[in-house]
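Please look through the structure below with its aromatic rings in mind.

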Amino acid sequence: MASLGRHIIVEYYDCTPEILNDVTLIQESMEGAAEKAGATIINSTFHHFSPYGVSGVVVIEESHLAIHTWPEYGYASVDLFTCGESVDPWVSYQYLKDAFEAGHGSAVELKRGEMALLSKKAFDIQQLRDDKSADDGSPIRTKDVWFTERDDKIALSLKHDGKLYDQQSDFQRVEVYNTQAYGNMLTLDGMVMTTEKDEYVYHEMITHIPLLTHPNPKRALIIGGGDGGTAREMLRHEGLDEVVMVEIDDKVIEACKVHLPSIASALDHPKLNLIVDDGIKYVKEAAAGSFDVVVVDSTDPVGPAEGLFSVEFYKEVHRILSDNGVMITQSESPRFNNKVFKEIYQVYGSIFGNERVHCYLAYIPTYPTGMWSFSYSAKGDAHPLKGFDREKSRKFSEVHDLSYYNESIHESAFALPNFVKKMINK
Ligand code: SAM
């Protein structure tokens, strides 16, 4: 390595002014340029100036990318600085030229820190370790490494001590972070899926409500749920003969078995039939009336999960449910994605009948807004509250030492705030 770093100083000309003035687009482009070149993003910050212009930096493990734009001139100046051999900054140069629709670009590469001019200083590396790492010898930890999930208006950031898993599968980017506040955390395409410290809310609420209200559940199906949390909770119900789980991405299963073992603990359970396949295809091919409870534990309606939010898919679920069967889905956040939320309940009502569709809420700190919803749709007479056996629920929660679910939470979860009732005409 002839030099410590490569610094490409870039000028983009005749770019589309609207693009150069769109801070979200600039941020996405700069982060995309880093990832395309194989860099690992640590953090980024972007600022929109008034009346126009954007400045921003993406800090990567291999150094940084920085930008300042002059939309009024269709001009952007960019610095691409990388260390080591793993990242090719010229890939970022071309990516941004296309993203900014630049008429032309000019760039010059500087070698930074020419080795021939450098000599290593004799010093005690231990001095550089921060207090914590000095004590137990753990790797040097930079102070502010944050994971951030954001959309154009809301962001959630979690401080972490590094990434434990990072694979691009055929379907999505599968990552596991070691967060300081919530333990190990699984993200898919940059969205929080589950964390060790709050997963129990989601997994207890998506399973025990249907399985304690269905008259006699014997066979259950999980679509998605690759982290294993839903299967773990389902298999607490000894009355079940079989749980079938159809997860499309084996990388999710692999990552969770290794880095989230407390969640993935039942993935080798003898009653679990774990199938790696597309849930849409599985449901289409499954026999009519063959499941008592179907839980759709999917990601948001993007990528491989898009089809899991379609009318066709729900009609197929209705078909494979037994006469008294119940379908449960994670139905997004009424606060965060209210358009999808409203549509979901319209569709369920059209297939199951409005009076047989119920919404319940739970609070998951690491999900956008923290307010999350689940839907309970009954094919027959099963009902989440009518005839609800409080004592059975209380005992179940006690015997299994559950952390969130109990008989009062069960009932109160269906008590909806007015704004939610209005959204789904309840
Ligand atoms: N609790 C999370 C949430 O609410 O966002 C979901 C967790 S779980 C990890 C979601 C799983 O659905 C992922 O592992 C993903 O691979 C899987 N999935 C997405 N589309 C799928 C499909 N068409 N068939 C089967 N599994 C699918």
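## Aromatic pairs and their surroundings

Tyrosine 367 counts as buried at 10% relative accessibility, where buried means under 20% relative accessible area, exposed over 50%, and partly exposed in between, with a 1.4 Å probe and protein chains only. The model is a predicted one, in which local features need pLDDT of at least 70 and side-chain atom pairs count only at pLDDT 80 or more, while totals for chains, interfaces and linings use all residues. Residues are numbered from 1 along each chain as its sequence is written, and side-chain values use heavy atoms, with hydrogens and water left out.

Rings of Phe, Tyr and Trp (its six-membered ring) are taken to pair if their centres lie within 6.5 Å, and planes under 30 degrees apart count as stacked, over 60 as edge-to-face and the rest as tilted. By this rule the count comes to 17 aromatic pairs. Tryptophan 70 and tyrosine 75 form a tilted pair, because their planes stand at 40 degrees, with the ring centres 5.4 Å apart. Tryptophan 70 is partly exposed at 31% relative accessibility, whereas tyrosine 75 is buried at 18%. Another pair, edge-to-face, is formed by tyrosine 202 and tyrosine 367. This pair links distant parts of the chain, 165 residues apart, with tyrosine 202 in helix α5 (residues 199-211) and tyrosine 367 in the loop between β17 (357-363) and β18 (371-378); helices (H or I, at least four residues) and strands (E, at least two) are DSSP runs, numbered from the N terminus. Tyrosine 202 is buried, with a relative accessible area of 4%.

| Pair | Centre to centre | Angle between planes |
|---|---|---|
| Tryptophan 70 and tyrosine 75 | 5.4 Å | 40 degrees |
| Tyrosine 202 and tyrosine 367 | 5.9 Å | 65 degrees |

Ring pairs also link Tyr202, Tyr360, Tyr367, Trp372, Phe374, Tyr376 and Phe414 into a cluster.

In helix α9 (residues 311-320), the buried residues include Phe313, Tyr314, Val317 and Ile320. These four lie on the same side of α9, because they cover an arc of only 125 degrees around the axis, the arc being that of the directions from the helix axis to the C-beta atoms. Glu312 and Lys315, on the other side of α9, are exposed.

Leucine 117, in the loop between β6 (104-114) and α4 (131-136), is exposed, with a relative accessible area of 72%.
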